[in-house]
Amino acid sequence: MTGQAISKRISYLGPEASFTHLAATKVFPDSTLVPFTTIPECIEAVVEGSVDYAVVPLENALEGSVPLTVDYLFHEAQLYVTAEVLSPIEQHLLVHPENRHAESFEAIYSHPHALAQCHKYLYYTYKSTPLEQYSSTAAAAKMVSELPERNIAAIGNEFSAQKYGLDILQRDIHDFHFNHTRFFVLSKTNHKLENPQHEDQIKTTLMMTLPEDDRSGVLHQILSVFAWRRLNLSKIESRPLKTGLGDYFFIADVLADENDAMMRGAFEELTALGCTVKTLGSYYTYKN
């Protein structure tokens with residue numbers, strides 16, 4: 001059986017029927033799911049102990065990383081990744097049944113990433129229609145369902161259309177059809193959620209800062225730490241350190257367990273080079 005046997009309390013970026021809600025259901029089908037309106041609120045619920053885990057979006061295949069999640073984990077919260085979820089993303093144009101015959105709309109609402117993922121469709125089909133950002137695709141769908149008197153639309157998934165009684169006016173309006181979002185499952189303790197369907201590959205996420213002396217070639221040295229040990233980096237990305245222009249930290253995914261001998265050696269060498277290294281833990285992948 002996929003998911004965890006013991007019932008837990010799980011925070012997620014809501015409301016119900018959001019893509020994050022679907023990801024949380026994949027890992028925790030029998031747990032109590034608690035929606036929050038922002039990513040920081042989801043994460044802080046774990047920090048404060050009101051929930052056991054948080055499920056938050058990390059990265060989209062088309063739009064890249066979710067900066068708020070990455071920065072909050074680096075600057076604000078000492079949490080660990082216990083699993084990740086990869087979910088296919090299909091975006092549809094949703095309307096209230098009373099407006100299903102409308103040829104134009106006063107506005108189209110959705111999460112900023114969803115609006116960006118459907119840019120070409122929106123540009124060529126609703127070029128003059130205002131696009132309004134909302135906290136999540138599901139929240140936009142819920143709002144449209146509550147305002148039948150307004151000729152507005154939302155972009156969201158099929159589950160949100162069913163949940164909030166909306167009609168799907170146009171299916172699959174995303175610009176590229178290989179679109180997935182990656183979600184982190186966060187906890188206060190460093191452990192792995194066992195997934196009977198996981199692949200053998202395990203992944204570790206690291207956050208690193210460079211040495212303070214900023215010497216020439218230091219980034220090459222850091223990459224060499226992994227290269228000569230044959231530790232495969234599936235991702236490396238820089239984010240502003242928020243201490244000054246040109247100051248960055250790096251987030252990297254390594255296809256190895258943090259407890260492997262080669263990984264322990266890499267941590268030691270990085271420290272010797274003057275880097276600070278924060279591990280978010282090792283974890284398996286769930287796929288929707």
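## Talking through the labels

Guide: Let's start at Ser136, which sits in the loop between β8 (131–133) and α6 (137–146). Bear in mind that this is a predicted model.

Visitor: What is Ser136 in contact with, leaving aside its neighbours within four places in sequence?
Guide: Gly14, Pro15 and His111. The side chain of Ser136 also has a polar atom 3.0 Å from the backbone nitrogen of Ala139.

Visitor: How far is Ser136 from Asn190, in sequence and in space?
Guide: They are 54 residues apart along the chain, and their C-alpha atoms are 29 Å apart.

Visitor: What domains does the protein chain have?
Guide: The domain assignment gives two: domain 1 is 9–88 + 180–287, and domain 2 is 92–170. Their centres, taken over C-alpha atoms, are 31 Å apart.

Visitor: How do you know that domain 1 and domain 2 are in contact?
Guide: Contact means heavy atoms within 4.5 Å. By that test, 16 residues of domain 1 are in contact with 14 residues of domain 2.

Visitor: What area do domain 1 and domain 2 bury between them?
Guide: The size of an interface is often given as the accessible area lost when the parts come together. Here the two domains bury about 1,100 Å², with 66% of it on carbon and sulfur atoms.

Visitor: What makes Lys163 and Glu16 a salt bridge?
Guide: The cut-off is 4 Å between a side-chain nitrogen of Lys or Arg and a carboxyl oxygen of Asp or Glu. For Lys163 and Glu16 the closest N and O atoms are 3.3 Å apart, so the pair qualifies under that cut-off. The count between domain 1 and domain 2 is one salt bridge, and there are five residue pairs in polar contact, both residues at pLDDT 80 or more.

Visitor: Which elements each supply at least two residues of the side of domain 1 that touches domain 2?
Guide: α1 (19–27) and β4 (64–65). α1 gives the most, with three residues. By class, that side of domain 1 has seven nonpolar, seven polar and two charged residues.

Visitor: How many salt bridges does a search of the whole structure find?
Guide: It finds 14. One of them pairs Arg182 with Glu59, whose closest N and O atoms are 3.2 Å apart. Arg182 is in strand β11 (residues 180–187) and Glu59 in strand β3 (residues 53–60), 123 residues apart, so the pair links distant parts of the chain.

Visitor: Why is Arg182 called buried and Glu59 partly exposed?
Guide: Arg182 is at 6%, so it counts as buried under the 20% limit. Glu59 is at 23%, so it counts as partly exposed, the class between 20% and 50%.

Visitor: What else does Arg182 touch, leaving aside its neighbours within four places in sequence?
Guide: Its contacts include Val56, Leu86, Thr205, Lys235, Asp253 and Tyr283. There is also a polar contact of 2.5 Å between the side chains of Arg182 and Glu84.

Visitor: What makes Lys203 and Glu84 a salt bridge?
Guide: Their side chains meet at 3.0 Å, N to O, and the limit is 4 Å, so the name applies. Lys203 is in strand β12 (residues 203–209) and Glu84 in strand β5 (residues 80–88), 119 residues apart.

Visitor: Are Lys203 and Glu84 buried or exposed?
Guide: Lys203 is buried, with a relative accessible area of 15%. Glu84 is at 1% and counts as buried too.

Visitor: Which residues are linked in a network of salt bridges?
Guide: Glu59, Glu84, Arg182, Lys203, Lys235, Glu237 and Asp253.

Visitor: What about Arg239 and Asp71?
Guide: Their side chains meet in a salt bridge of 2.6 Å, N to O. Arg239 lies in strand β13 (residues 233–240) and Asp71 in helix α3 (residues 67–75), so the pair ties together parts 168 residues apart in sequence. Both Arg239 and Asp71 are buried.

Technical notes: Residues numbered from 1 in each chain as written. Predicted model: local features only at pLDDT ≥ 70, side-chain atom pairs only at ≥ 80, totals over all residues. Heavy atoms only, no water. Domains from an automatic or database assignment. Buried area = accessible area lost by both parts, 1.4 Å probe. Polar contact = N/O pair within 3.5 Å; in protein donor to acceptor, adjacent residues only side chain to side chain. Helix = DSSP H or I, 4+ residues; strand = E, 2+ residues; numbered from the N terminus. Nonpolar A, V, L, I, M, F, W, Y, C, P; charged D, E, K, R; others polar. Buried < 20%, exposed > 50% of the residue type's maximum accessible area, 1.4 Å probe, protein only.
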